[in-house]
Every structure is written in C-alpha cells, then in structure tokens.
Amino acid sequence: MILLTFCIKFAIGNVQPPFSRRCHTHQSKQDIDMARQPARVLEPGDVRRLLTHATGLRHHLRNTVIIMLSFKAGLRACEIAGLTWPMVLKSNGRVDDQIRICKHIAKYGGGRHMPLHTDLKKALIRYHRSMGSPTEGPLVLSERGGHMTARSIVNWFHDVYAELALGGCSSHSGRRTFITQSAQMISKIGGSLRDVQELAGHRALTTTERYIEGNRDAQRKLIRML
C-alpha cells in the first residue's frame, strides 16, 4: 500500500520526480568511453576489496548498500539514486524479501520486482536501523539529506575504483558482473536467459546478451570435449 500510494502520486498529471529521467541524460566522457568498451566484470576478490575499502569511508553503511545494490541486484545508477524506502519495505515497516522498482526510476520505464539477495537484505536492515527505521523518503541519501543523483552515484563509483586502482571499471561494472554471473548460473537451477533479462529490466534479450562476458575456462573445456 505504501509503494502503491507513492507510485500513483507521480503517475497523476505530468508531474515527475526529479530523478525520473537520470538514466538518459548528462553523458560524460567516461560514459562515452565505457560505451565503446564494456565495463569490467569484477572477480569475487575484487568485490570484497571494494566492500572493505568502502567501509573505511564516510557513511560506510550507505556505501555498502550502494555496492550491494549494484553487484547483488544489478541496478543502474539512476535506479540506485531513485530508490525510496517504500520500495524495499513491507507494510509493517520491515525490510522485505524483494525490491519493487517503480517504472518512473527505471530506464525506459522498465519497472520490475526482484528478490533480495541475503547479503543485500542484511546490509539494508543495518542501514535502515542506523537511519532510525524510516518508512518513506530516499533510500540512498546525499550529504544534504535528499536523493543522490544518478551522476553522484556514477562519480562515487569512479572515485572508489580509482582509489583501488581497478582499471576499466565504472558504475556499470556491478550491473555487468551481476548479469554475467546470473547467466552462468541460471541453467543450473532450471531457469533461462529470459529470467536474467527480466531481473535486469531489459526490453530485449539481445541487450542482456551484450552484457554477458564470455568464460574462457568454460570455452577451453568445451573445445576439449569436442
């Protein structure tokens, strides 16, 4: 009910929230370069380094949530920036088992529901408690207490990757890592690439396929089996 009320108030008339179109605007040189060369897919050890580093910075609980939303939910920068508490809470005010992404914060209006990874849920619970258990308002807060912008999320990731000397990474690295890992595992549990497409919020399966990085070890094993 909380989420429904929140979504409806932006659906009436021509009013849109300030973060509604951030997936489509303000392309930087970094964005253009990464469009030519896909963002780097990180190994588990690199993700652990990223999390460890982020906990040493200001707003460490928020930082952990930002990283988890990227790597464990595959969210875009605009979706991370646009999330509100009603999108991750149950009606009783506790963190839910799923994220409800309203279409007004998603690219091309691709709203969706997706299950919460266990580690992400734990991070959200800790962050939620530290914030005084809010039931509304922005999930990822800026220094001024409002929504972080999509550009701020992009810049935050850029700075952290630079501090760790992780070349070829961008705010899209978490999303591409999530999609690649999901694609590699989905057949083992009886799913298909269509399930990954829905989790990613892509309109076309071909878009999802472009995100997936090939597995060289698997390719070598395949050739040996021929």
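Residues are numbered from 1 along each chain as its sequence is written. In this predicted model, local features need pLDDT of at least 70 and side-chain atom pairs count only at pLDDT 80 or more, while totals for chains, interfaces and linings use all residues, and side-chain values use heavy atoms, with hydrogens and water left out.

Helices and strands are DSSP runs numbered from the N terminus (helices H or I, at least four residues; strands E, at least two). Strand β1 (residues 98–101) and strand β2 run antiparallel and are joined by four bridges; two strands pair if DSSP finds at least two bridges between them. Arg 100 has His 113 of β2 as its bridge partner. Strand β2 spans residues 112–115. Its covered face consists of Arg 112 and Met 114, and its uncovered face of His 113 and Pro 115.

Strand β2 also contributes two or more residues to the lining of the second largest pocket, as do α8 (173–186) and α9 (193–200). A pocket is an open set of points on a 1 Å grid over the protein atoms alone, where a 1.4 Å probe fits, with protein on both sides within 12 Å along at least five of seven lines; lining residues have an atom within 4 Å of a point. The volume of this second largest pocket is about 380 Å³, a volume being the space filled by probe spheres set on the points. Its lining comprises 14 residues, and Lys 72, His 117, Phe 178, Ser 182 and Leu 199 are those nearest the centre. Helix α8 supplies the largest share, five residues.

Three aromatic pairs are present in the structure. Rings of Phe, Tyr and Trp (its six-membered ring) pair if their centres lie within 6.5 Å; planes under 30 degrees apart count as stacked, over 60 as edge-to-face and the rest as tilted. The pair of Trp 85 and Tyr 127 is tilted, because the planes stand at 35°, with ring centres 5.6 Å apart. Trp 85 lies in the loop between α5 (77–82) and β1, and Tyr 127 in helix α6 (residues 118–130), so the pair links parts of the chain 42 residues apart. Trp 85 is buried at 1% relative accessibility, and Tyr 127 is buried at 3% (buried: under 20% relative accessible area; exposed: over 50%; partly exposed: in between; 1.4 Å probe, protein chains only).

Phe 157 and Tyr 161 form a stacked pair, with 5.9 Å from centre to centre and 25° between the planes. Because these two residues are four apart in helix α7 (residues 150–163), about one helical turn separates them. Both Phe 157 and Tyr 161 are buried. Together with Trp 156, they form one aromatic cluster.
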